[in-house]
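Colleague: I've got a model open and I'd like to learn how to read it feature by feature. Can we walk through it together?

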Amino acid sequence: MTATDLADVQAVLDDVHDPEIPALSIADIGMLRTVAEEPDGTVVVTITPTYSGCPALEVIQDDIVVALANAGFTARVDVSYNPPWTTEWMSDDAKRRLRESGIAPPGSLGVVEEVLCPNCSSGKGRVVSEFGSTACKRLMVCTSCGDPFDHFKEI
């Protein structure tokens with residue numbers, strides 16, 4: 001694969017979003033692991049889901065194949081669970097965009113950090129449920145402003 005082709009593939013993948021976290025592309029969230037080309041020209045995209053039971057996995061795989069086909073590439077998606085996905089693969093920019101979209105981003109693994117309300121920045125959140133809109137998020141409510149919000153769990 002030429003550098004131009006790889007840049008074109010990457011540009012397409014930058015527009016494929018996790019349907020459960022539309023603020024982030026699969027690259028932003030750290031799901032995109034590798035892009036390779038087979039001898040027949042097929043682009044092989046390897047992804048690692050945020051967790052093994054991710055209900056959006058099939059949709060994401062289909063979205064990748066369709067997006068690349070629309071750009072003129074034949075593609076296949078491989079799923080790898082090793083190493084397992086971690087929130088450490090998210091960039092600081094991705095965490096900032098989560099916050100801007102109303103989701104409290106994950107902190108650092110192994111570090112107990114204050115969860116700030118993405119609406120008012122108060123650290124006075126209370127866990128309502130360990131499972132929010134998706135299994136990788138917990139539902140919280142801010143006791144300062146009263147707004148409910150998701151907190152992306154540190155994994």
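Colleague: Let's start with the largest pocket: how many residues line it, and which lie nearest its centre?

Modeller: The general idea is that rolling a probe the size of a water molecule over the atoms shows where empty space is left. Here a pocket is an open set of points on a 1 Å grid over the protein atoms alone, where a 1.4 Å probe fits, with protein on both sides within 12 Å along at least five of seven lines, and lining residues have an atom within 4 Å of a point. In this case 15 residues line the largest pocket, and Pro105, Pro106, Gly107, Glu113 and Glu114 lie nearest its centre. Keep in mind that this is a predicted model, where local features need pLDDT of at least 70, side-chain atom pairs count only at pLDDT 80 or more, and totals for chains, interfaces and linings use all residues. Residues are numbered from 1 along each chain as its sequence is written, and side-chain values use heavy atoms, with hydrogens and water left out.

Colleague: What is the volume of that largest pocket, and how do its lining residues divide?

Modeller: The volume is about 250 Å³, taken as the space filled by probe spheres set on the grid points, which are joined across faces, edges and corners. The lining has seven nonpolar, two polar and six charged residues. For those classes, Ala, Val, Leu, Ile, Met, Phe, Trp, Tyr, Cys and Pro count as nonpolar, Asp, Glu, Lys and Arg as charged, and the others, Gly among them, as polar. Helix H4 (residues 92–100) gives the most to this lining, with three residues.

Colleague: Stepping back, how many helices and strands does the chain have?

Modeller: Helices (H or I, at least four residues) and strands (E, at least two) are DSSP runs, numbered from the N terminus. The protein chain has four helices and nine strands, in the pattern α-β-β-α-β-β-α-β-α-β-β-β-β along the sequence. Its C-alpha trace spans about 55 × 25 × 25 Å along the principal axes.

Colleague: Now the sheets. What is the strand order in the three-stranded one?

Modeller: Two strands pair if DSSP finds at least two bridges between them. The order is S3-S4-S5, an open sheet with mixed pairing. Strands S3 (32–37) and S5 (75–79) are at the edges with a single partner strand each, so one side of each has no neighbour in the sheet. Neighbouring strands are turned by 20° against each other on average, direction ignored, with axes being lines fitted to C-alpha atoms, for helices over the stretch in contact, and angles running from 0 to 180 degrees between N-to-C directions. S3 and strand S4 (residues 43–47) run antiparallel and share five bridges; Val35 has Val45 as its bridge partner in S4.

Colleague: And which strands form the open sheet of four?

Modeller: That one reads S6-S9-S8-S7, again with mixed pairing. S6 and strand S9 (residues 148–152) run parallel, joined by two bridges, and Ile103 is partnered with Asp150 in S9. Strand S8 (residues 137–142) pairs with S9 in the antiparallel sense over five bridges. Their hairpin has five residues between the strands, and Gly146 there takes a positive phi near 85°.

Colleague: Is S9 enclosed or open, and why?

Modeller: Buried means under 20% relative accessible area, exposed over 50%, and partly exposed in between (1.4 Å probe, protein chains only). Four of the five residues of S9 are buried, so this strand is largely enclosed by the rest of the structure. Over the protein chain, buried residues make up 39% of the 155 residues.

Colleague: Which residues have the most contacts inside the largest nonpolar core?

Modeller: In soluble globular proteins, nonpolar side chains tend to be buried together. A nonpolar core is a set of buried Ala, Val, Leu, Ile, Met, Phe, Trp, Tyr and Cys residues joined through side-chain atoms within 4.5 Å. Here the largest has 29 residues, and Leu13, Ile26, Ile47, Ile64, Leu68 and Phe152 have the most contacts inside it. H3 gives the most to this core, with four residues.
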